[in-house]
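Here is a short briefing to read alongside the model. Have the structure open and follow the topics one by one.

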Amino acid sequence: MLNSNLSIDEILETSEMLYDQMLDIRTLTMGISLLNPKLNSKSIDQLCDFLSGLGKRFIDAAKEIEEELGVSIVNKRISITPITVAFPRFEPKFYVEFAKKLDQTLKDINIDFLGGFSAFITKGMSPQDRALFSALPEILSSTERICSSCEAGNSKYGINVSSIKEVATMLRETSIATRESDGVGCAKFVVFANAVNDNPFMAGAFHGIGEIDHSINVGISGPGVIENVIERNKDSDILELADHIKRASFKITRLGELVGRKAAKILGIRFGSVDISLAPTPRENDSVAGVLEAIGVPCVGYPGTTGALALLTDAVKKGGAMASSRVGGLSGAFIPVSEDLGMISAVKNGSLCIEKLEAMTAVCSVGLDMIAVPGTTSVDTLSSIILDELSIGVFTNKTTGVRIIPVPNKKAGDMAYFGGLLGYSPILPVKNVKKSKLIERGGMIPAPITSLRN
Amino acid sequence: MKKRVVILVIGEDKVGIVYNISKVLFENNINIEDVTQKVLDTKIFTMTMLVDMSKSKISISDLRKEFEVVSKEINVRIDLHHEDLFYSMHRV
């Protein structure tokens, strides 16, 4: 085109990404600080009104951008200051009432999820953390849109095994409270090592301490685009392939950057960051497993998977970092089992197991994600799985998380159905013991020597 | 200030595609600044138009709805995106 210097091929390329390769904005997340002196003495109703007012403006802005750019923003979400920090309370009742009221508010204004019913329990649990944990089984089973998270380990202070056991106990209770829907309550909770302040993705989003009043964070999709680029370069060697992935990642990240900037401008608030993680959905052409198989792994879970994932994650980061002035959030590659058709079929045919998934998270972040395990899995075994995963994060200085769902009354090989974007998954077998001496000991794993940097 | 939108038209080549698209633009006082067109594999018609909507009263979403009707009538795909989308993806 003469005036714009855009070629017809470039326009067609973008069009193919949007219409054939499922490129979209996976989430636009507005961070809202509750550390605001004006909110100190407000009632639950007044707090919901405050969030509803901001949420409505946010939804309007998102719609305006969708219409102008012709790009779909799949989820509009809110993250708030961790609730145990903003409103420390002794009574679980406060958290339950706030969550229920807020859930209704979110439905009314069409916000998909809200994250931030969160606690930091690496050094142990304060009274408000205990109150929140007592409230969580009820919150996660009686609300649809409230997400919760906690940090039970970090590279500076180590891993709290006693806190992890509290998490596992809470997960078992939540699973039983939502037994009619395969324990779906647990899908709205994640336990982290090295949790990040500006993550736009659920269940782990919260508006971190130190973040200013409001911000906009963006999560992009894109496995389909990357898979297509790899398919088109069948004869490339690995180095060339990394370069092709970088270029594609640059383009999709630019889309995220554009949407974030536009939203921030319309709302008159700060643009936070783009999370460049590849995020799959349980649809065709939107699978990270598909990308790994396109790279050349015979089937996800087979030897070679970790290497291919390392290549992919690194190339995506390098392309994305060039494309955005503010890369943040988790920025790895998501490998949620139930949300990725390729992962689901790899578990079904027996090529992918929980141990291999754990190994994969050593090179990609973001942890054991959407893992369905038998309902009989004991608290000690759940704790041990979480401990292993958090150890990878703490000892490699990166974020890892665990979103694990014990599915009541179902055994390994059965299917669990969570609905919508949460997808479905065959239940993975785990080596289960009733008691573990390691977990019974309690206490903390000290921080690695690399924490002593000063 | 200009409000530039890229229109992409893809479909089986036939008589009247350019006419039907430009008619909608004319009726809404939208100026065509540039057109590129080619026929792929002798039968797939592809056209990109850069148009300026700054003098038009219609919004992008309403224009998109008008084109949806045309799209069904003449059986071609018509996509509208603000030019910012392409610049941000293809230019450093």
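**A loop, an interface and some salt bridges**

A203(A) sits in the loop between strand 6 and strand 7 of chain A. Please keep in mind that this is a predicted model.

**The loop between strand 6 and strand 7 of chain A**

- The peptide bond leading from M202(A) into A203(A) is cis, and its omega is near 10 degrees.
- N194(A) belongs to this loop between strand 6 and strand 7 too, and N194(A) shows a positive phi of about 55 degrees although it is not a glycine.
- N194(A) has a relative accessible area of 15%, so N194(A) counts as buried, the cut-off being under 20%.
- G208(A) is another residue of the loop between strand 6 and strand 7, and G208(A) is buried at 2% relative accessibility.
- The C-alpha atoms of G208(A) and V85(A) are 9.9 Å apart, while 123 residues separate the two along the chain.
- I209(A) is also placed in this loop, which runs between strand 6 (189–193) and strand 7 (214–220).
- I209(A) is partly exposed, with 47% relative accessible area.
- Together with L35(A) and V85(A), I209(A) makes a nonpolar surface patch of about 230 Å².

**Where chain A meets chain B**

- The contact draws on 31 residues of chain A and 29 residues of chain B.
- About 2800 Å² is buried between chain A and chain B, and carbon and sulfur atoms give 64% of this area.
- Polar contacts between chain A and chain B come to 15 residue pairs, with both residues at pLDDT 80 or more.
- On the side of chain A that touches chain B, at least two residues come from each of helix 1 (8–19), helix 2 (44–69) and helix 8 (238–267) of chain A.
- Helix 1 of chain A gives the most to that side, with 11 residues.
- Three salt bridges are counted between chain A and chain B.
- In a salt bridge between D84(B) and K262(A), the N to O distance is 2.8 Å.

**A salt-bridge network in chain A**

- Over all chains, the structure holds 34 salt bridges.
- D24(A), R26(A), R283(A) and D286(A) are joined in a network of salt bridges.
- Within this group, the side chains of D286(A) and R26(A) meet in a salt bridge, at 3.3 Å from N to O.
- D286(A) is in the loop between strand 8 (270–275) and helix 9 (288–295) of chain A and R26(A) is in strand 1 (residues 25–32), so this pair ties together parts that are 260 residues apart in sequence.
- What is the relative accessible area of D286(A)? It is 0%, and D286(A) is buried.
- R26(A) counts as buried as well, at 4% relative accessibility.

- D243(A) and K246(A) form a salt bridge in which the closest N and O atoms are 3.5 Å apart.
- D243(A) is partly exposed at 32% relative accessible area, and K246(A) is partly exposed at 29%.
- K318(A) and D314(A) also meet through their side chains in a salt bridge, with 2.6 Å from N to O.
- K318(A) and D314(A) are four residues apart in helix 10 (residues 305–323) of chain A, so about one helical turn separates them.
- K318(A) has 46% relative accessibility and is partly exposed, as is D314(A) at 36%.

**Two further residues to look at**

- S249(A) lies in helix 8 of chain A and is buried, at 1% relative accessibility.
- Beyond its neighbours within four places in sequence, S249(A) is in contact with I226(A), A315(A), V316(A), G319(A) and G320(A).
- M22(A) is in the loop between helix 1 and strand 1 of chain A, and M22(A) has a positive phi of about 60 degrees although it is not a glycine.
- At 25% relative accessibility, M22(A) counts as partly exposed.

Methods
Residues are numbered from 1 along each chain as its sequence is written. Chains are lettered from A and ligands numbered from 1 in the order in which they are written. This is a predicted model: local features need pLDDT of at least 70, side-chain atom pairs count only at pLDDT 80 or more; totals for chains, interfaces and linings use all residues. Side-chain values use heavy atoms; hydrogens and water are left out. Patches are made of residues with over 30% relative accessible area and no salt bridge: like charges are joined within 9 Å, nonpolar side chains (Val, Leu, Ile, Met, Phe, Trp, Tyr) within 5 Å. Accessible areas come from the Shrake-Rupley method with a 1.4 Å probe; for residues, only the protein chains shown count as cover. A salt bridge is a side-chain nitrogen of Lys or Arg within 4 Å of a carboxyl oxygen of Asp or Glu. Buried means under 20% relative accessible area, exposed over 50%, partly exposed in between (1.4 Å probe, protein chains only). Contact means heavy atoms within 4.5 Å. Buried area is the accessible area (1.4 Å probe) that two parts lose on being put together, summed over both. A polar contact is a pair of N or O atoms within 3.5 Å; within protein, one must be able to donate a hydrogen and the other to accept it, and residues adjacent in sequence count only if both atoms are side-chain atoms.
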